[in-house]
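Please read the following walk through one protein model with the structure open beside the text.

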Amino acid sequence: MPLYARKRDSNEREIIEALRSLGCFVIQENNIDLYVLPPGRQEWIPLEVKGERGKLTTYQTDLHATLHHNYGYTVPVVVTIDDALKAVGLLK
């Protein structure tokens, strides 16, 4: 993984805290920012966290495309707590 991909967005901590406060198990990783297991679910949901002006790197775009094409995973890109809660099915 390229070094630049290891930078954490400033909103990531508050998103993690919000998810955990609602009972989610959250793992922070490097290739995909977060893996979230919502309460009552048996499948992990990958999330890519970006700041207000953040954009996917070429590496991330390629990784997300591979995960979608080969395994059927969509990696939601989230900026706000509401984005994250919607992506994991805890907010409509």
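## From the sheet to the loops

Strand β2 (residues 34–37) and strand β3 pair in the antiparallel sense over 3 bridges. Two strands count as paired if DSSP finds at least two bridges between them, and the elements themselves are DSSP runs numbered from the N terminus, helices being H or I with at least four residues and strands E with at least two. The model is predicted, so local features need pLDDT of at least 70 and side-chain atom pairs count only at pLDDT 80 or more, while totals for chains, interfaces and linings use all residues. Residues are numbered from 1 along each chain as its sequence is written, and side-chain values use heavy atoms, with hydrogens and water left out.

Taken as a whole, 4 strands form an open sheet with mixed pairing, in the order β1-β2-β3-β4. The edges are β1 (25–28) and β4; each has a single partner strand, so one side of each is left without a neighbour in the sheet. Helix α1 lies across β1, β2, β3 and β4 and runs at about 155° to β1. Such angles, from 0 to 180 degrees, are taken between the N-to-C directions of axes, which are lines fitted to C-alpha atoms, for helices over the stretch in contact.

How many residues of strand β3 (residues 45–49) are buried? The count is 5 of the 5, so β3 is largely enclosed by the rest of the structure. Buried means under 20% relative accessible area, exposed over 50%, and partly exposed in between, with a 1.4 Å probe and protein chains only. In a regular strand the side chains alternate between the two faces of the sheet. In β3, Ile45, Leu47 and Val49 are buried on one side, and Pro46 and Glu48 on the other.

The largest nonpolar core has 14 residues, and Leu34 and Leu47 are among those with the most contacts inside it. A nonpolar core is a set of buried Ala, Val, Leu, Ile, Met, Phe, Trp, Tyr and Cys residues joined through side-chain atoms within 4.5 Å. At least two residues of this core come from each of α1, β2, β3 and α3 (81–87). Leu34 touches, among others, Ile15, Val26 and Leu47, where contact means heavy atoms within 4.5 Å.

Asn11 is in the segment before α1 (12–21). Its relative accessibility is 8%, so Asn11 counts as buried. Beyond its neighbours within four places in sequence, Asn11 is in contact with Val49, Lys50, Gly51 and Val79.

Leu56 belongs to the loop between β3 and α2. With 30% relative accessibility, Leu56 counts as partly exposed. Leaving out residues up to four places away in sequence, Leu56 touches Glu48, Lys50, Thr61, His64 and Val77.
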